[in-house]
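Please open the model in your viewer and keep the selection tool at hand.

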Amino acid sequence: MTSRTPPAETPSSGGISIRSVCHEYRPARGRPVLALDNIDLEINDREFVAILGPSGCGKSTLLYLLGGFMPLQQGGISVGGRDITGPGPDRGIVFQNFALFPWKTVRQNILYGLEKQRLPKDERERTTRHFIDMVHLTGFEDSYPSQLSGGMKQRVAIARTLAINPDTLLMDEPFGALDAQTRSLMQEELLAIWNRSPTTVVFVTHDVREAVLLADRVVVMTARPGRVKKIIDTRFEGGMNAEIAKSRPFLDRVDEIWDLVREEAIVAGSAGAG
Amino acid sequence: MARTLGNDTPGTAGHSARRAFETFGPYLTISLLLIAWELASRLELVIAFLLPPLSVVIVRIATDFASGQLPMDIAITLYRTLVAFALAAIVGVSIGILISRNATVRWFFDPLISIGLPMPKIALLPVFMLWFGLFDLSKILMVAFSASFQIIIATWAATQSIEKELIWSAQSLGASRREILREVILPAAMPQILTGLQIALPICLIVVLITEMIMGGQGLGDSMLRSARYVDSPGVFAGIVEIGIVGFCVIRAMEVIRRRLLVWHQETREETTV
C-alpha cells in the first residue's frame with residue numbers, strides 16, 4: 001500500500017471493469033466448451049493483478065478478451081471507462097512465445113508500434129534507443145530475433161510493448177518459456193520498470209511465487225469452466241524487495257495460494273483423466 | 001552429414017581432406033558420369049550414333065554457340081520460362097492470399113485446386129492452342145497455368161501456419177488490416193512462399209521445353225526435337241547438356257534470391273548467441 005502509491009503527475013487512465021463475462025469455445029466438431037463462466041472483476045487504475053489457475057482454466061482467454069482479439073460473447077468489459085471493441089494500442093500485450101517479427105531487427109521491432117503512432121522520426125528513434133537501453137539490449141540493435149536467447153527475445157517484446165506507452169499492460173505467461181535464472185532476473189526487471197512508471201497490469205501465470213512477488217492482488221481461478229475462486233491481497237509493508245521475498249509472511253502467502261491452486265489443479269487433472 | 005563419417009579433430013589432414021570432399025563431392029558424381037560417357041563411346045562399348053562421345057557433343061555445343069543459334073535458343077527459352085514464372089507467381093500468390101482471407105474465394109477455388117493439382121496440366125495444351133494460337137502467348141499461358149497450382153497451395157499453407165500471436169501483436173501495436181497483410185502476413189509467409197516458387201520454377205522450364213517440342217517456334221526444346229527429326233544424334237545430346245546447364249543455373253539463381261530475401265531467417269544464419 002505504502003510504497004506502491006502511484007505518482008500523482010501521470011494522468012489517470014482508469015481501471016478495468018469485467019462484468020459477468022462468459023466465453024464458450026465452439027469447435028467445428030464436438031461439443032462446445034465453456035471456458036469462462038460469469039467472471040466479475042474490478043481492477044484499479046495502475047494496479048498489478050496476477051491471474052492464477054490450473055492450465056485450461058480460461059485465464060489466457062480472459063486476457064485475449066481484454067485485448068479485444070476475440071469477440072465478446074456475453075457480459076461487458078471496459079478499460080479506462082470505455083467498452084472495448086477490438087485490439088488497440090491503449091492495451092499492450094506480451095505473449096509467452098514473444099511473437100516478435102522475425103524479419104525485423106531488434107530496433108525495427110521496437111520501432112514498429114511507434115511508426116503506427118505517426119510520431120516524428122527523431123522522436124521515434126529517441127524512444128527506441130531509450131527502451132533498448134532500458135531492457136539492456138544495447139549492442140544488439142541490429143540483431144534479428146533468431147540470433148537472440150529466450151530472455152533477450154522477451155526483453156525485446158516487453159520493450160516493443162512499453163514503447164507505445166499503453167495505459168494497460170496485458171501479459172500472457174511472459175516468463176513461462178524462460179529458464180529459472182532468467183525468469184528470476186526478468187521478474188526483478190519488470191518490477192523495477194513498473195515501480196518507476198506504474199501502469200495497470202494484468203499478468204497471467206501459473207507460477208504462484210511469481211504472482212505473489214509481482215502483483216498487488218492475485219486472482220485465483222477455478223478449473224474449467226473458469227470462475228473467480230478467490231482474490232487475495234498480496235501487498236507487503238514496505239513494498240517488494242529481495243528481503244521480503246525471503247520473509248515468513250511472503251512464504252506463508254505463497255503457501256496459502258498454493259493450496260488454493262492445488263485444489264483446482266487436482267479437479268482439472270481428474271476431469272482431464274475422466 | 002559428413003560429421004558422422006569420422007572423428008578426426010579440426011586441423012588434421014583428415015579434416016581438410018573431408019572439407020575438400022564436401023566442396024567438390026557433388027561435382028565428382030557428375031564428372032564420373034561424363035568420363036564414363038566419353039569412355040563408353042570411345043571404347044566403342046556403344047554405337048556412336050546411339051551415344052556420341054562427349055567431346056563431339058561439346059564441339060557441337062561450341063559450334064552452335066559461335067553461330068549464334070544456341071544463345072538465341074537459350075534466350076527464347078529463358079524468356080518464356082521467366083515471363084510465365086512471373087505470371088504464375090503473381091497470380092498464384094494473389095489467389096493463395098485471397099483463399100486464406102475470404103471464405104467465398106476459398107469455397108470457389110478449393111475444389112478446382114483439388115482436381116487441378118494432380119492432373120497433368122499439359123493435357124490441356126490442345127485447348128490452349130485452340131484458344132490462344134501457336135505462338136508465345138499460348139506457350140506462356142500453358143506454362144503459367146501448370147506452375148500456378150504449386151504456388152497457390154504453398155501460399156495458402158504458409159498463411160494458415162502464421163501464429164495468431166504475431167497478428168495480434170501487430171493489431172495491438174496499431175496496425176490496420178491492410179498494413180497487417182503487407183507488413184506481417186506476407187513477410188511471415190515468405191519462406192514457405194519461396195519454397196513454392198522454387199518448386200514452380202523448374203516446372204516452368206520443363207513445361208516450356210515440352211511446349212516447344214510439341215508446338216515448335218524456336219527455343220531449346222524445338223531445336224532438340226528438330227535434331228532428332230534429322231537423325232542428328234550429337235544435336236540431341238547437345239540439347240540435353242544445354243538444358244541441364246540452363247536448369248542448373250536457373251535453380252542456383254533462385255537459391256541466391258532466397259538467401260537475399262531471407263537474411264533474417266534461421267536457415268541463413270548459423271550462429272546465435274544462445
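For what follows, a residue counts as buried when its relative accessible area is under 20%. The model is a predicted one, with an ipTM of 0.89 and a pTM of 0.83.

Begin in chain A and select strand β7, residues 168–172. How many of its residues are buried? The strand is mostly covered, with 5 of its 5 residues buried. Now display the side chains: A:T168, A:L170 and A:D172 point one way from β7(A), whereas A:L169 and A:M171 point the other way. Both sets are buried. In a regular strand, side chains alternate between the two faces of the sheet.

Then select strand β8 of chain A, residues 200–205. Its pairing with β7(A) is also parallel and runs over 5 bridges. Here A:M171 has A:F203 in β8(A) as its bridge partner. Trace the chain from β7(A) to β8(A): the path passes through helix α5 of chain A, residues 180–196, and this β-α-β crossover is right-handed.

Finally, turn to chain B and colour it by pLDDT. The mean is 90, and 92% of the residues reach 70 or more. Select residues 1–9 of chain B, where the pLDDT is below 50. Beyond near neighbours in sequence, this stretch has 7 contacts in the model. Where pLDDT is low, the predicted coordinates should not be read in detail.

Conventions: Residues numbered from 1 in each chain as written. Chains lettered and ligands numbered in written order. Predicted model: local features only at pLDDT ≥ 70, side-chain atom pairs only at ≥ 80, totals over all residues. Heavy atoms only, no water. pLDDT = per-residue confidence, 0-100. Contact = heavy atoms within 4.5 Å. Buried < 20%, exposed > 50% of the residue type's maximum accessible area, 1.4 Å probe, protein only. Helix = DSSP H or I, 4+ residues; strand = E, 2+ residues; numbered from the N terminus. Pairing = 2+ DSSP bridges. Right-handed = clockwise from strand over helix to strand, strands pointing away.
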